[in-house]
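Visitor: I'm new to this one. Could you walk me through how to read it?

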Amino acid sequence: MSLTLKNVSRVVDGETWIDDVNLTLEPGSFNVLLGRTLSGKTTLMRLMAGLDRPTKGQIMMNGVDVTGVPVRERNISMVYQQFINYPNMTVYDNIASPLRLAKMSHAEIDRRVRETAEMLRIDIFLDRLPLQLSGGQQQRTAMARALVKDSQIILFDEPLVNLDYKLREELRQELRALFKARNCIAVYATTEPNEALALGGNTAVLHEGKLLQFGPTAEVYHRPKDIITAEMFSEPPINVVPGRVSETEVTFDESVHFQLNSDLRPLKPGNYQFGVRASHIGLVPHADDDLELPVRVDLAEISGSETFLHVHNPHFDLVLHLSGVHEYHVDQQIKVYFPTHKLYAFDEGGQLVHAPAGLGGR
Amino acid sequence: MTKVENNKAWWLVLPVFLIVAFSAIIPLMTVVNYSVQDIFDPYTRYFVGTEWFKQVMTDSRLHDALLRQFLFSFTILLIEIPLGIAVALMMPTKGRGASLSLILVAIPLLIPWNVVGTIWQIFGRADIGLFGAMMAKLGINYNYASEPLHAWLTVVLMDVWHWTPLVALLCYSGLRAIPEVYYQAARIDKASRWAVFRYIQLPKLTNVLIIGVLLRFMDSFMIYTEPFVLTGGGPGTSTTFLSQSLVQQAIGQFDLGPAAAFSLVYFLIILLVCWVFYTTIMHMQKDK
């Protein structure tokens with residue numbers, strides 16, 4: 001079962017929601033759709049499901065054109081951001097409902113419902129009504145309903161956003177494990193780069209209705225095709241600093257110089273945009289050739305056990321992603337260490353020309 | 001720890017207390033007062049205990065009116081609730097059609113009771129009324145002034161025409177509150193139109209339906225103006241409902257004592273039936 005989208009576009013009221021997307025999802029694969037709100041994730045999923053028809057282009061299943069086939073005649077499941085269950089059916093009946101509609105035998109239904117419920121650890125709640133359960137259990141019920149039938153495609157539309165952090169991590173891992181043994185196509189939409197990284201599989205980065213890049217998640221993360229992809233696939237967004245490469249050294253914004261190292265030597269002299277991930281800049285040097293930068297603090301944003309430190313020097317702004325809680329006051333003078341070995345270089349058109357080596361990514 | 005008396009709080013409760021006293025408690029107590037006395041004139045009155053209540057309980061005229069009243073209320077509930085749901089389901093959900101249909105459906109609600117009565121009184125006349133003339137053309141001798149059944153049908157029709165829109169609007173708002181994803185999920189599950197109604201829409205409508213049933217029951221149980229305008233409760237006593245009997249007794253015959261006793265019984269019946277409705281629906285919801 002492979003799903004192919006060929007030059008698929010969707011235009012609604014003159015606005016392009018999906019712009020010429022080409023994508024092939026392999027059977028048994030786990031695919032993440034990564035993009036901000038309004039990037040077209042849900043629209044693309046609705047097209048994959050057959051809930052909407054593309055304005056242009058074709059959708060193929062196993063090489064067969066299914067563009068006009070309505071959702072009722074396809075075999076798919078979908079899990080939503082909201083916890084969608086039949087309100088006055090018990091958890092058991094909720095999970096059984098797709099099987100009953102498929103006219104399966106009672107014994108088979110019972111076996112499958114119990115098996116799926118056990119897998120999602122809601123087997124002790126089978127007699128309850130959805131509203132008597134916690135949010136996490138309600139979403140598990142909705143997931144069980146999606147997983148219980150043998151769908152060819154299972155779509156998850158930001159299923160974990162309405163859950164608390166701990167529960168999210170737990171369910172995310174279970175979900176991944178559940179799909180290891182299946183031969184269906186899983187598609188998972190999320191706005192969070194970290195969630196994409198945690199899920200693995202493949203990632204498709206969407207931006208303003210366009211598919212920027214698709215490939216194995218780690219590869220897309222480590223070798224983003226261009227600046228926008230790199231920005232979309234990092235939280236906080238990757239720092240971008242304009243710079244110039246000469247025969248011997250790199251200059252950032254006419255102010256900061258450092259010797260051209262072995263990594264960057266292949267770059268031809270000229271103007272580049274340099275990207276460095278927020279988590280790669282440190283408060284202490286990690287390597288001998290880390291660049292020391294005096295900066296002033298704009299804001300220390302503490303989020304849980306992490307700190308996003310916003311700083312600037314006279315020429316550019318930087319964001320640091322630090323683990324642990326660090327408190328700074330505004331305008332405090334500090335030094336940060338800029339890793340010259342972990343730089344991405346993009347040409348003036350924004351295309352990737354150099355990615356740091358040795359960071360995984362194949 | 002010593003208890004601190006804070007008498008200022010009483011001042012905050014006082015306005016509500018006064019409003020409730022003047023709007024509910026004092027009138028009710030006046031009625032209670034009347035119901036246990038025989039009053040000849042403002043200075044001549046005798047305490048009669050439960051005599052009026054005994055009289056009310058054995059008055060066959062009132063029993064007939066009560067039966068008629070129940071029959072009427074249940075008939076219109078049986079028609080208006082399903083019909084209201086059906087109308088709400090058929091109303092368009094977006095675009096200009098939605099606002100247009102809302103206005104059209106709401107129009108009957110804006111018309112006063114006595115006008116509704118008059119409209120149908122004329123509408124049903126065989127000589128000048130559209131409906132009456134049409135029935136006559138069809139060979140049906142439709143005459144609400146002489147046929148009890150026809151009078152009944154007209155009153156029921158009138159009420160259905162007047163109040164189904166209320167149920168429809170309540171249900172419409174209830175339906176709009178169901179997120180679109182529920183329908184989408186149902187489509188993915190390959191659920192039939194009936195299953196969508198039975199397992200998504202109806203459960204989500206329970207709360208507005210409770211309000212609809214209670215409102216329609218209470219209101220129809222107190223129906224007065226429409227049959228009064230149409231036939232004055234006739235022909236005979238066939239459309240004389242409880243409130244009209246009460247008015248006849250209290251104002252027509254000036255029997256204040258029995259009328260007061262009757263009012264109290266009337267009030268208790270409404271209270272009791274509403275309570276039964278409410279608890280039954282709540283139980284049904286819980287059991288499922």
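Guide: Let's go through the chains, the cores and one histidine.

Guide: Some ground rules: this is a predicted model, where local features need pLDDT of at least 70 and side-chain atom pairs count only at pLDDT 80 or more, while totals for chains, interfaces and linings use all residues. Residues are numbered from 1 along each chain as its sequence is written, with chains lettered from A and ligands numbered from 1 in the order in which they are written.

Visitor: How many helices and strands are there in chain B?

Guide: Helices (H or I, at least four residues) and strands (E, at least two) are DSSP runs, numbered from the N terminus. Chain B has 12 helices and two strands. Going from the N terminus, the order is α-β-β-α-α-α-α-α-α-α-α-α-α-α.

Visitor: Why is chain B called more spread out than a compact globule?

Guide: We take the radius of gyration over C-alpha atoms and hold it against the globule rule, 2.2 Å times the number of residues to the power 0.38. For the 288 residues of chain B the rule gives 19 Å, but the radius of gyration is 24 Å, well over that, so the chain is more spread out than a compact globule. Along the principal axes, its C-alpha atoms fill a box of roughly 80 × 75 × 35 Å.

Visitor: Where does UniProt place the "transmembrane region" feature in chain B?

Guide: UniProt positions are given in the numbering used here, feature names are shortened, and annotations may be inferred rather than shown by experiment. The unreviewed UniProt entry puts this feature at several stretches of chain B, including 70–91 and 97–116. Residues 70–91 of chain B are 95% helix and 0% strand, with end C-alpha atoms 31 Å apart. For residues 97–116 of chain B, the ends lie 26 Å apart and the span is 70% helix and 0% strand.

Visitor: Which residues touch the most other members of the largest nonpolar core?

Guide: A nonpolar core is a set of buried Ala, Val, Leu, Ile, Met, Phe, Trp, Tyr and Cys residues joined through C-beta atoms within 7 Å. A residue is buried if 20 or more other C-beta atoms lie within 10 Å of its own, exposed if 12 or fewer, and partly exposed in between; C-beta atoms are placed from the backbone. In this 92-residue core, the answer is L33(A), L34(A), M48(A), M78(A), L155(A) and V187(A). Helix α4 (residues 135–148) of chain A gives the largest share, six residues. Leaving aside residues up to four places away in sequence, the contacts of L33(A) include K41(A), L44(A) and V187(A).

Visitor: And is H280(A) buried or exposed?

Guide: H280(A) is buried, because 21 other C-beta atoms lie within 10 Å. Its place is the loop between β14 (270–276) and β15 (291–303) of chain A. H280(A) and H321(A) are 41 residues apart in sequence, yet 7.8 Å apart in space, C-alpha to C-alpha. Not counting residues up to four places away in sequence, H280(A) touches P339(A) and K342(A).

Notes
Two residues are in contact if their C-beta atoms, placed from the backbone, lie within 7 Å.
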